[in-house]
Amino acid sequence: MNNVTTGGLFDLTGQVALVTGASRGIGRELALGLAGQGADVVVNYASAADRAQAVVAEIEALGRRAVAIKADVSKEDDAARLVAEAVEQLGRVDILVNNAGIVLPSNAEDQDFADWRRTMEVNLDGVFLVSQACGRHMIAAGGGSIISVGSMSGRIVNWPFRHAAYNVSKAGVHMLTKALATEWAEHGIRVNAIAPGYIRTELTDEVLKEHPDVVRDHWAKGAVQNRIGETRELVSACVYLAAGSSSFTTGEIITVDGGLTLR
């Protein structure tokens with residue numbers, strides 16, 4: 001399970017990637033992007049089976065193998081089963097992309113503790129549990145690459161919406177990335193993260209529809225490029241971190257935010 005490739009800097013031919021929360025949005029785009037570079041892909045989903053199967057069909061149309069596996073990454077047994085089934089169905093896991101996540105906005109003083117805990121369970125516990133299960137497999141296999149989707153929210157406080165729980169969970173993902181990179185380097189496992197800025201997805205389209213002023217006056221103008229990003233603009237960072245081109249990169253958080261955190 002060596003991530004140094006022979007066919008090109010970004011060639012993933014013969015490797016297997018597991019992408020959590022891959023039935024839509026950023027996860028779908030990253031799954032397709034990895035498949036486009038030759039990887040076979042396990043499409044994890046929590047509830048949208050039809051969407052997950054549609055992603056599988058898109059990957060198969062690219063000539064790659066793909067399977068959809070339902071699992072709640074926040075549950076220890078589900079996380080372990082997800083990795084075990086991925087290995088059983090596609091032979092191994094060389095690349096893990098921890099993408100599954102939720103956001104439940106609320107003023108801190110009004111935050112329902114159950115929502116706070118659920119945010120941590122999915123966004124942080126889920127990353128740890130699936131990474132742990134994959135890490136055990138990768139240690140036995142001799143290496144691999146783990147990529148988590150953090151957020152610029154792990155570095156700054158987003159505004160004007162309030163979601164302290166989300167910000168804290170993503171900051172935790174960033175530190176977990178550094179901790180795992182340090183612990184698992186001796187096993188040939190690289191652990192990195194991508195920190196997206198505001199990216200156009202179904203969720204942000206809903207915000208755009210209901211609060212166009214927020215997107216126009218805060219999200220877009222906050223970035224030096226004066227716009228929000230597209231999901232496709234995250235693919236190259238993910239492929240880089242998955243491929244042999246990043247063989248000397250570990251413990252890094254790559255921010256892709258159009259320059260929003262520059263000022």
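What is the order of the strands in the open sheet of seven strands? The order is E3-E2-E1-E4-E5-E6-E9, and the pairing is parallel. Helices (H or I, at least four residues) and strands (E, at least two) are DSSP runs numbered from the N terminus, and two strands pair if DSSP finds at least two bridges between them.

This is a predicted model, in which local features need pLDDT of at least 70 and side-chain atom pairs count only at pLDDT 80 or more, while totals for chains, interfaces and linings use all residues. Residues are numbered from 1 along each chain as its sequence is written, and side-chain values use heavy atoms, with hydrogens and water left out.

**Sheet and helices**

Strand E3 (66-70) and strand E9 (253-256) stand at the edges with a single partner strand each, so one side of each has no neighbour in the sheet. From one strand to the next, the twist averages 20 degrees. Strand E6 (residues 189-196) is joined to E9 by four bridges, and the two run parallel; Ile 194 stands opposite Ile 254 in E9.

Helix H3 (residues 76-90) lies across strand E1 (16-19), E2 and E3, at about 155 degrees to E3. Helix H8 (residues 235-242) lies across strand E4 (95-98), strand E5 (144-149), E6 and E9, at about 170 degrees to E6. Here contact means heavy atoms within 4.5 Å; axes are lines fitted to C-alpha atoms, for helices over the stretch in contact, and angles run from 0 to 180 degrees between N-to-C directions.

**Pockets and cavity**

On a 1 Å grid over the protein atoms alone, a cavity is a set of points where a 1.4 Å probe fits but cannot get out, whereas a pocket is an open set with protein on both sides within 12 Å along at least five of seven lines; lining residues have an atom within 4 Å of a point. A volume is the space filled by probe spheres set on the points, which are joined across faces, edges and corners.

| Space | Volume | Nonpolar / polar / charged lining residues |
|---|---|---|
| Second largest pocket | about 170 Å³ | seven / four / four |

In the largest cavity, helix H4 (residues 113-141) supplies the largest share of the lining, four residues.

Note on methods
Ala, Val, Leu, Ile, Met, Phe, Trp, Tyr, Cys and Pro count as nonpolar, Asp, Glu, Lys and Arg as charged, and the others, Gly among them, as polar.
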